[in-house]
Amino acid sequence: MGEGKQLVEMTKGMMGQNENPITQFQTKFKELESGFKGWLAKQSMGVEAAVVTVTSAAQGAAIGGFMGTLTNDVNSVLPTPPPNAALNPQAMASLQQAQALAGGPLVQARNFAVMTGVNAGITCVMKRIRGKEDVQSSMVAAFGSGAMFSLVSGMGGPNQAANVVTSGLFFALIQGGLFKLGEKFSKPPVEDVLYNKTRSMLSSLGLQNYEKNFKKGLLTDNTLPLLTDSALRDVRIPPGPRLIILDRIQRDPALKETRGAYR
């Protein structure tokens, strides 16, 4: 018995040593990330906002620096007016905007750092204040990041205040639209909630292909205890699956009791 136990322990040890290094790294990273989030949640709002802003700005700077290397060639072909050139204010503002959007690695690192840092910081504060993260909080954060981007990138032009507000509103509208779009695709359709028990039952029986038949006939979870052979036939479910489904409902204690209540 002792030798058998030792053999099991040795086998476990060898399996641990042969574990994929990438899997080990991912596990450690998730543990660190979870611990960091747990620590951050215990801090005050100011500390959390500061940490989130700095870390997000660092990530944004890295992304911006990489993007800047791709746009460096574009920036080099932009015209550079002579120091004493007399350009009208609108033309100068357009040139500044083009240079801001096609700057080199350092310029783009700065721009992205400001956008992501401000956005994350405001989002954190709004979430603490309102207790949730919704489209309103997202749009406020996007407005702040757009306004700050306009300021630091030199896109203000002659009407700086108006352009800052315009940039903020543009960012807010885009972010609000993306938030709603993501919300739409991340949440299941409302009707699917009505078929949770049905879906589970069909899946356990290997008959998940017939879920569409239930939906077509509006046979929701509430109708499960009332199902009859006739009702299943009406939604074009073959005889074999009909018998299996009715047998499961008959043998399910909870459904059986509910079924009796409806009679």
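Colleague: What percentage of the contacts in the chain with a separation of 6 or more do residues 24 or more positions apart account for?

Modeller: This is a predicted model, in which local features need pLDDT of at least 70 and side-chain atom pairs count only at pLDDT 80 or more, while totals for chains, interfaces and linings use all residues. Residues are numbered from 1 along each chain as its sequence is written, and side-chain values use heavy atoms, leaving out hydrogens and water. A contact means heavy atoms within 4.5 Å. Among contacts with a separation of 6 or more, the share from residues 24 or more positions apart is 60%.

Colleague: How many helices and strands does the secondary structure of the chain have?

Modeller: Both are DSSP runs numbered from the N terminus, helices (H or I) having at least four residues and strands (E) at least two. On that basis the chain comes to 12 helices and 0 strands.

Colleague: Is Serine 145 buried or exposed?

Modeller: Serine 145 lies in helix 6, residues 135-152. Leaving aside residues up to four places away in sequence, Serine 145 touches Met115, Val118, Asn119 and Phe171. Buried means under 20% relative accessible area, exposed over 50%, and partly exposed in between, with a 1.4 Å probe and protein chains only. Because its relative accessible area is 2%, Serine 145 is buried.

Colleague: At roughly what angle do the axes of helix 8 and helix 11 cross?

Modeller: Two packed helices are described by the angle between their axes and the distance between the axes. Axes are lines fitted to C-alpha atoms, for helices over the stretch in contact, and angles run from 0 to 180 degrees between N-to-C directions. The axes of helix 8 and helix 11 come within 11 Å, and they cross at roughly 115°.

Colleague: Which residues of helix 11 make the contact with helix 8?

Modeller: Helix 8 contributes Met201, Leu202, Ser204 and Leu205 to the contact. Methionine 201 itself touches several residues, including Ile245, Arg248 and Ile249. The residues on the helix 11 side are Ile244, Ile245, Arg248 and Ile249.
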